[in-house]
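Here is a short briefing on selected local features of one protein chain. Please keep the sequence and the structure in view while reading.

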Amino acid sequence: GKPGKGAGAVTGTGISCGADCSESYAYGTSVSFTETPGTGSKLTSWTGCDSVNGNACSVTVTANRSVTAAFALENYILTAAKTGNGSGTLTASGLSCSGNTCTGSYPYNTAVSITPTPNTISTFSGWTGCDSTSGNTCIVAVTAAKSVSAEFTLKKHKVNIGKPGKGAGAVTGTGISCGADCSEDLEYGTVVSLTATPEPGSVFGGWSGGGCSGTGACEITVANAPIDVTAMFNVIGALSIDTGTIGTQISIAGSGFGDKKGKVLVGDTAAKIITWSDSSIVFEIRKPLIPGPYKVTMQPRQQKFYATMGESDMFTVKAPENASVVTDFGLPGEQIEVRGNYFGSKKGKIYLEDSASGWVKSCRVVSWAMDQTTGESSVIFAVPKPNGYVPGIPTSYTVRVTNKVGTALASVEFTIN
């Protein structure tokens, strides 16, 4: 007999088992049997022998006798290694991991499927050593000791450099020479030190975004999201930007302004002075103005008259514009973001309007923010419950963003489901 999950042959005088596993012998005949394991199998035991010597079983036939050679499948080690500068996990039945090495012992010809799962800062890049793959899964038939490897790499995120000012200059740092190359994909955890160098006739006004401020080096660490950094280069004696609204901050770079705080007018309206030095003025529009162009004048403390900026340095006040809802549908109580430009730094109002019925509803504003340099804006509001609201029957409304300067209508209607 040949029980067990393995395979093999037993041979002896008159027997080749294989197929012929029974034979008749004369009384007193001494028979020696030899086992030969099949591929991926091994002999585990003889039973019924008079004696065993190595792999040979000896029997003296004095009656009907039964001899059994038990064959089992060989076990082989499968090793799965994690490579690359990222990290993640490998999972498969029977596989256990320690550090970057995973191992498992499997019977001959077992099909093992290994699944990779990158962590939040990594991505899975690929396998080597697999017999086949299905999607990201590695499939191995364990017919001998085998090794596979899975590569995990750190995710890359964009570092974007913006230069919105009227001046000119370069920003340099790891992988960035902006100049021309103002966007770079960098690995998670990369530390970048950005340096700003103004061109002749310009002055560097400072950093914003990415946690940077001031005029020194801007040091950022690439996290799990894109990073936007603004480098403001000003023409000496010119406005840093020429469009904005309530809350916009504008700088004037030059010399001879004096160290004592003076005054700046936008049209006939006084601006809020944020900082004042001999070479730089930063001011903010705090009061509402009718949209349109205005002359900017300044009066240093030491002089008795206002100096008007050049005709090319008119400042244009903007009403909210380019409003768009990030999600164009929702349920009452859900929070929805509206993005656009020039919403202002002071909280305004959000309305939903139904032109057919005349229904207008003021929405609860959860947050209201605007970049004081670029004017990029974001508002989050809570969806109100309309009059006669019936769940499951969608109704579309116009979204209106209003501040003390003006109004913008969203480009796409919002639907309450």
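Which residue in β3 stands opposite glycine 8? The residue is proline 37. The model shown is predicted, and the points below are grouped by topic.

**Strands β1, β2 and β3**
- Strand β1 covers residues 8-12 and pairs with strand β3, residues 29-37, in the antiparallel sense. This pairing runs over 4 bridges.
- Strand β1 is also joined to strand β2 (residues 15-17) by 3 bridges, and these two strands run antiparallel.
- Within β2, serine 16 is the residue opposite threonine 11.
- A hairpin is formed by β1 and β2, with 2 residues between them. Glycine 14, in the turn, has a positive phi of about 80 degrees.

**Backbone features in loops**
- A cis peptide bond leads from cysteine 178 to glycine 179, with omega near 20 degrees. Glycine 179 sits in the loop between β19 and β20.
- Asparagine 109 is not a glycine, yet its phi is positive, at about 70 degrees. Asparagine 109 belongs to the loop between β11 and β12, and counts as partly exposed because its relative accessible area is 46%.
- Tyrosine 342, also not a glycine, has a positive phi of about 60 degrees. Tyrosine 342 is found in the loop between β37 and β38. Its relative accessible area is 11%, so tyrosine 342 is buried; the cut-off for buried is under 20%.

**A charged surface patch**
- Lys260, Lys261, Lys263, Lys272 and Arg301 form a positive surface patch.
- Lysine 261 lies in the loop between β26 and β27. Lysine 261 counts as partly exposed because its relative accessibility is 44%.

How values were computed. Residues numbered from 1 in each chain as written. Predicted model: local features only at pLDDT ≥ 70, side-chain atom pairs only at ≥ 80, totals over all residues. Heavy atoms only, no water. Patch = residues over 30% accessible without salt bridge, like charges linked within 9 Å, V, L, I, M, F, W, Y side chains within 5 Å. Areas by Shrake-Rupley, 256 points an atom, 1.4 Å probe, with all protein chains shown as cover. Salt bridge = Lys/Arg side-chain N within 4 Å of Asp/Glu carboxyl O. Lys, Arg positive; Asp, Glu negative; His and termini not counted. Charge placed at Lys NZ, Arg CZ, Asp CG, Glu CD. Buried < 20%, exposed > 50% of the residue type's maximum accessible area, 1.4 Å probe, protein only. Pairing = 2+ DSSP bridges.
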